[in-house]
Amino acid sequence: MKHDVRESIVEYVYVIVGAAIIAIGFNVFLLPNQVASGGVSGISTILHGLFGWNPGIVQYAFNIPLFIAGVLLLGKKFGIKSFIGTITLPFIVLLTNSWEPWTDNSLLGALFGGIVVGLGIGLVFKGNASTGGTDLLAQIITKFTGLSLGTSVLLIDGIIAISAAVVFDLEKGLYALIGLYVTTKTIDIIQLGFSQSKMVYIITVKQDEVRQAIYAEINRGVTKLQAIGGYTGEARPVLMVVVYQTEFTKLKQLIKSVDPSAFVIVSDAYEVLGEGFKRA
């Protein structure tokens, strides 16, 4: 029970801190440089440029009705944490709207704004919540049109970026796309982390020797996968092992010393849970 309470508190902290980071990034990087990189914040940037409307008020005007519509149309799965994210973000935008811009260079604004906003959104997602806005609208569109969620998000953000190009200029629209791209990549990093491990598949005629060498020299477990050669049609087991990045060079040299003709496939493993790695 104590663990559940502590975990719940941590999630609320993620949501609040994440919303604060998004708001600050918006006010010091995106808004002053007219970078409308998607979402309700992008809409508020455009409306601020057109009519001088306060972005925090505009975000409340969009977020709250969209949250209510999401609950009514999609069910009560969003919960209190998403509601907190929905109201906290515009509130902190209002609190920090007098902060001086940290750069007046649009490219730097798009790049660093994308990083900061992506960091904030990633934290909110780690808290199992959302900040509402166009994410909810995308889910509503998906439910009633059959479009995939990714297509719905792309459609909405694309319309916002095109609107920025029309309202401001083409260059601002391109900066908006840069900001959107950087934001999505930063969210992935926060969700998945930087890759610190490598997953290695080894196809070798000396599988027992390679397996024993890995056990003895690196002390890593090896999994034997059953595979069939596409050309020969013969059974050909594949060894799979996960190692830390710092162990990979040693593993590569080890495989080469046992079987120079081994076929090795390497990919990033962003999160590894279990014996010898992080606990679940």
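Asp-268 counts as partly exposed, at 35% relative accessibility. Partly exposed sits between buried (under 20% relative accessible area) and exposed (over 50%), using a 1.4 Å probe and protein chains only.

This is a predicted model: local features need pLDDT of at least 70, side-chain atom pairs count only at pLDDT 80 or more, and totals for chains, interfaces and linings use all residues. Residues are numbered from 1 along each chain as its sequence is written, and side-chain values use heavy atoms, with hydrogens and water left out.

The structure holds four salt bridges. A salt bridge here is a side-chain nitrogen of Lys or Arg within 4 Å of a carboxyl oxygen of Asp or Glu.

| Pair | N to O distance |
|---|---|
| Lys-81 and Glu-11 | 3.3 Å |
| Lys-198 and Asp-268 | 2.6 Å |
| Arg-211 and Asp-208 | 2.8 Å |

Lys-81 and Glu-11 form a salt bridge. Lys-81 lies in helix α4 (residues 79-95) and Glu-11 in helix α1 (residues 2-30), so the pair ties together parts 70 residues apart in sequence. Helices (H or I, at least four residues) and strands (E, at least two) are DSSP runs, numbered from the N terminus. Both Lys-81 and Glu-11 are buried.

Asp-268 pairs with Lys-198. Lys-198 lies in strand β1 (residues 197-203) and Asp-268 in strand β4 (residues 263-269), so this bridge ties together parts 70 residues apart in sequence. Lys-198 is buried, at 17% relative accessible area.

Arg-211 and Asp-208 both lie in helix α9 (residues 207-217). They are three residues apart, about one turn of the helix. Arg-211 is buried at 19%, while Asp-208 is partly exposed at 41%.
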